[in-house]
Structures are given as structure tokens and as C-alpha cells.
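Me: I am new to this structure and would like to learn how its features are read. Please take me through them step by step.

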Amino acid sequence: MEIIKSIDSTFAEDVVKGLSSNPKHIPSKYLYDEKGDRLFKAIMRIPEYYLTNSELEILKIYKEEILNAFTSTSEEFLLVDLGAGDGLKTKILLDLLIKKNIRFHYLPVDFSPTALEKLCSELSYSMPGLKVKGIADDYYKAILKLSKEKTKKIYMILGSNIGNMQEQEINEFLSFLGQNMENQDKLFIGFDLKKDPDILLKAYDDSQGLTRSFNFNLLERLNYELGGNFNIKDFKHFPTYDPQTGEMRSYLISKKKQTIALAALDITIEFKQWEFIHVETSKKFDIASIKKLAEGNKFKINYIFNDSRNYFLNTIWSLNH
Ligand code: AVJ
């Protein structure tokens, strides 16, 4: 097992920047510390968080077609899993690749080194023949590093992870990826679709309260890692859906006027009553917006796969020049 780690300690900087902005916000990647990883794993397994089952259905039904679309030769490739998490969905493809004796290396990329370590050691145990190398980094740095390798690459972004970015960031990211891809490379990318807001709101405010704990864990992390004195009872978890932009957004709203100290950074943060921290955006898409993203960033869509409820799409892209 091999894990390449290169994470700089920008957490404190990003927190200070985000909490001194108006509106206050914290990048959602910081939701995933050890407890956050555990909670997200649990969220992925509840039916109200429908995304997992929809994407699993697509992968199970179309795995052969998907692999055929990745490559038509016996040439070795790198399967780069951006935001691999616990690999629940990827394992369906890995199983089939191994069964078909296809030559490839699996490169899970995840911002969370703990999630990555768990995934890599679990895989080296359950799939002993698999060549796996974890990359604990953000997407940009990982792509830049990998662009220097000549081997064909299949980039995967599952789970609608791309929806965590704002529209402009998505475009910046896709254009960056395109510039660092070769004609033979492919992008396998999943999109959560716009749907009944009641379904969306339940997915981001589940009846077991797991999503609530997941979001509140960010305040606990600030307390634990930066000496904060947030009292969770003084905040309210509030998810909301905007049907126009397709953005599902989660806020932590201060129920009262209060001053929070972050002792490790020697700063205080003022909250007015009902002032909020924006902690996550999970954008929802439709076919037209997905086509626009592809075309606007010099990609073409080769394949589109959907689940039976039409909740989710997985698509395969290549460069369009
Ligand atoms: C892992 C980013 C796809 O936005 O749906 C789940 C994270 N947040 N429940 C999402 C998440 C709240 C998830 N992604």
C-alpha cells in the first residue's frame, strides 16, 4: 500500500478568511475529518440520500458498457478516482476490470488522508491483485501531477461531487482538466438531477439526523482543532433548494447574537442574530446544463446513462478537438 500525501495546513487560513467574509462561509471539503468521513459514509447508506442507490443502479446495469467506453484496446490505463471516499461505487468497476484481466492501476484521490488510508488498506486486503496507489490531495494538484505521466487516463468523478462547486468553479475546473488531458483520455462523471424539492430536502435533512450531525461536525472541528467555543445548541441546521440555479445549500444559522473565540488563532468572530455560515452547495443539473458544461469547456459527451427513476446521470466525456 502506498499513499502520497501533500496537504498544506490551509485549514486555519481558509476558516479565518471564510468567517471574516460577508456572507460567512467555510469550504465544504473541511466537513471531511475523521468523524465527517464516518458520518458521510453513514449518510450514503440511508435510502433518503437517494444518490447512492441511483448511481449504484447505473453502475450495476451498465458496467460492461462503461468499461467498453473507457478503452477499446488492451493498452494499460490509470483509473483516477477523484473524491474516491470509501470506494463503495468504484468497487463494482474494479471487480469487473479484475475479472476481465484488464491491465490498469487504480489511483484514488481524496482530500481526506484517513478515508484514503482506510480505502487503500481495505482494497489491498479484499482485492489482492489490484495495483492501487492513493493520492491525498486536492483535484487540481492531483491532475497536474498525473498530466506528466504518458499512460492513458480515465478520470472519474462520481457521486455528483462536482456539484459541490459553484457554476464558475465547475467551468474553471473542467477547463483545467481539459487542458491537462490527452485525446485518448476520458472523463467519467456523475450528475445529480433536478427533481421534486421534497425529495431533495429530505436527502439533505434526513430523519435520522445524520446530515445535521455531519454539518454540525464542522463547528465541533473548529472547537477541537482551533480552540473554538461554538455551542451547537445556538445554531440551526438549515438546508434549502433553489429550483432556478439547482443549488441545494446548507447553512448553519446563529439563533442569537454572539461572539465566538477561536483561541488557537487568537481571534473572535461576531455573529448577529440569524447570521449564518454557508457550509455546502450541492448543485443539481439537467441535461441542457450538462451539455453546456461539456461544450463550453471543449468536451464532447460520448455516453449518457440514467437510473430507472431518472434521478441521476453518469456520463462519459472526451476532448472535442
Ligand atoms: C459527496 C459532495 C456528493 O453534496 O450530496 C451529503 C455530500 N452533503 N449530504 C453531496 C453531502 C450532505 C455529497 N457529496
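Me: Is Thr 315 buried or exposed, and what is its relative accessible area?

Reply: A residue is called buried under 20% relative accessible area, exposed over 50%, and partly exposed in between, with a 1.4 Å probe and protein chains only. Thr 315 has a relative accessible area of 0%, so it counts as buried. Thr 315 belongs to strand E14 (residues 312-319); helices (H or I, at least four residues) and strands (E, at least two) are DSSP runs, numbered from the N terminus. This is a predicted model, in which local features need pLDDT of at least 70 and side-chain atom pairs count only at pLDDT 80 or more, while totals for chains, interfaces and linings use all residues. Residues are numbered from 1 along each chain as its sequence is written, and side-chain values use heavy atoms, with hydrogens and water left out.

Me: Which side chain does Thr 315 join in a polar contact?

Reply: A polar contact is a pair of N or O atoms within 3.5 Å; within protein, one must be able to donate a hydrogen and the other to accept it, and residues adjacent in sequence count only if both atoms are side-chain atoms. The side chains of Thr 315 and Trp 317 are joined by such a contact, of 2.9 Å. Another threonine, Thr 71, lies in the loop between helix H3 (51-70) and strand E3 (77-82). Thr 71 is buried, with a relative accessible area of 13%, and its side chain reaches the backbone nitrogen of Thr 73 at 3.3 Å.

Me: How is a sheet read, and in what order do the 4 strands of the open sheet stand?

Reply: Strands of a sheet pair through backbone hydrogen bonds, either parallel or antiparallel. Two strands are taken as paired if DSSP finds at least two bridges between them. Here the order of the open sheet is E2-E12-E9-E8, with mixed pairing. Strand E2 (24-25) and E8 are at the edges with a single partner strand each, so one side of each has no neighbour in the sheet.

Me: How many bridges join E2 to E12, and how many join E9 to E12?

Reply: E2 and E12 run parallel and are joined by 2 bridges; Lys 24 stands opposite Ile 277 in E12. E9 and E12 run antiparallel, with 7 bridges between them, and Ile 277 is the bridge partner of Leu 252. E8 pairs with strand E9 (residues 247-254) in the antiparallel sense over 8 bridges, where Tyr 241 faces Met 248 in E9. As for burial, 7 of the 8 residues of strand E12 (residues 276-283) are buried, so this strand is largely enclosed by the rest of the structure.

Me: How many aromatic pairs does the structure hold?

Reply: Rings of Phe, Tyr and Trp (its six-membered ring) pair if their centres lie within 6.5 Å; planes under 30 degrees apart count as stacked, over 60 as edge-to-face and the rest as tilted. The structure holds 22 such pairs. One of them, Phe 235 with Phe 271, is edge-to-face, at 5.3 Å centre to centre and 85° between the planes. This pair links distant parts of the chain, 36 residues apart: Phe 235 is in strand E8 (residues 235-242) and Phe 271 in strand E11 (residues 267-271). Both residues, Phe 235 and Phe 271, are buried. By contrast, the planes of Tyr 303 and Phe 305 are at 5° with centres 6.1 Å apart, so that pair is stacked. Tyr 303 is partly exposed at 40% relative accessibility, whereas Phe 305 is buried at 6%.

Me: Which charged residues lie over the faces of Phe 271 and Phe 11?

Reply: A charge sits over a ring if NZ of Lys or CZ of Arg is within 6 Å of the ring centre and within 35 degrees of the ring normal. Lys 24 lies over the face of Phe 271, 5.0 Å from the ring centre. Arg 221 lies over the face of Phe 11, 4.1 Å from the ring centre.

Me: Which residues surround the ligand?

Reply: A residue is near a molecule if one of its heavy atoms lies within 4 Å of it. The surroundings of the ligand include Tyr 32, Phe 40, Tyr 49, Tyr 204, Phe 214 and Glu 280. Tyr 32, Phe 40, Tyr 49, Tyr 204 and Phe 214 form one aromatic cluster. An oxygen atom of the ligand is 2.5 Å from an N or O atom in the side chain of Tyr 49, and a nitrogen atom of the ligand is 2.7 Å from one in the side chain of Glu 280.
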